[in-house]
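Trainee: I am new to this structure. Please show me how to read it.

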Amino acid sequence: MTLALDVGGTGIKGDALDPRGKPLAERVRVPTPYPLAPERLVAIFGELAARLPHFDRVAVGFPGVVRDGRILSAPHYVRAQGDDSPVDPELERRWLGFDLARATATALGRPTRVGNDADVQGLAVVTGKGLEVVLTLGTGLGSAVFQDGVLGPHLELAHHPLRKGLTYNQYVGEEALRKIGKKRWNRRVARMVEVVHALLFFDHLYLGGGNSSRVEADLGPNVSLVDNQAGILGGIRLWDQPMKSRTRAR
Ligand code: BGC
């Protein structure tokens with residue numbers, strides 16, 4: 001049984017899954033509190049776990065760059081009040097390099113793996129055929145690339161410039177949707193898909209994340225929309241990935 005946790009800019013969600021990915025309970029969620037220091041996030045994991053059935057291992061999808069269970073970037077959480085607020089040097093100091101896999105394994109008493117949230121979500125949706133790209137439309141823009149089902153190096157498109165000096169996050173993130181409205185935002189999503197195609201020549205692209213339900217643009221046969229639930233289901237697949245294992249509870 002896997003406790004799958006999906007950590008987002010606005011909500012932190014969890015569910016317990018059986019070995020085939022079937023949810024064993026109703027998904028639990030808490031709004032993401034700000035400021036959010038690493039220890040507070042781990043405490044929230046404990047609270048969510050207590051509301052769910054028994055689990056043997058933990059999988060976490062985190063909205064930033066993660067390597068070997070350590071956080072290399074936490075763009076939402078280094079800001080005391082979330083995305084609109086300035087970076088807080090103290091939060092930055094506490095997040096960067098934080099071993100979230102080890103801290104979670106210790107707190108929950110179960111081996112833990114942590115990956116980037118879009119990479120984890122992607123693991124649940126790709127078919128394993130050709131070059132597949134997964135983009136998640138949420139508070140920020142998550143990206144993951146797969147070749148024949150194998151997860152490639154993490155591409156942090158979120159902070160890469162896309163158009164007119166705006167990064168992917170600024171161009172199609174939650175704030176942009178709120179500011180420019182659904183119609184213009186949909187045109188931006190279509191342009192982003194063209195740019196990503198020119199960059200990677202994907203065979204198939206999946207659009208997931210909380211705002212994928214707002215996509216109305218006709219993006220052609222090589223693009224499909226996927227349910228945000230994949231963020232949780234990918235937790236099972238994260239445990240199938242070859243990884244350095246430094247995740248035992250101590
Ligand atoms: C982060 C990415 C993350 C995405 C979706 C971005 O702000 O930089 O790492 O995958 O948000 O949560």
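Mentor: Start with polar contacts. A polar contact is a pair of N or O atoms within 3.5 Å; within protein, one must be able to donate a hydrogen and the other to accept it, and residues adjacent in sequence count only if both atoms are side-chain atoms. This is a predicted model: local features need pLDDT of at least 70, side-chain atom pairs count only at pLDDT 80 or more, and totals for chains, interfaces and linings use all residues. Residues are numbered from 1 along each chain as its sequence is written, and side-chain values use heavy atoms, without hydrogens and water.

Trainee: What are the bounds of domain 1 and domain 2?

Mentor: Domain bounds come from an automatic or database domain assignment. Here it gives domain 1 (2–118 + 232–238) and domain 2 (128–227). Their centres, taken over C-alpha atoms, are 22 Å apart.

Trainee: How many residue pairs are in polar contact between domain 1 and domain 2?

Mentor: Zero, with both residues at pLDDT 80 or more.

Trainee: How much area do domain 1 and domain 2 bury between them?

Mentor: The size of an interface is often given as the accessible area lost when the parts come together. Buried area uses a 1.4 Å probe and is summed over both parts. Here it is about 720 Å², with 58% on carbon and sulfur atoms. In domain 1, Val65, Asn116 and Ala118 lose the most, together 48% of what that side buries.

Trainee: Which strands does E4 pair with?

Mentor: Strands are DSSP runs of E, at least two residues, numbered from the N terminus. Two pair if DSSP finds at least two bridges between them. Five bridges join E4 to E1 (residues 2–7), in parallel. Five also join E4 to E7 (residues 112–116), again parallel. Ala59 of E4 stands opposite Ala4 and opposite Arg113 in E7.

Notes:
Helices (H or I, at least four residues) and strands (E, at least two) are DSSP runs, numbered from the N terminus. Buried area is the accessible area (1.4 Å probe) that two parts lose on being put together, summed over both.
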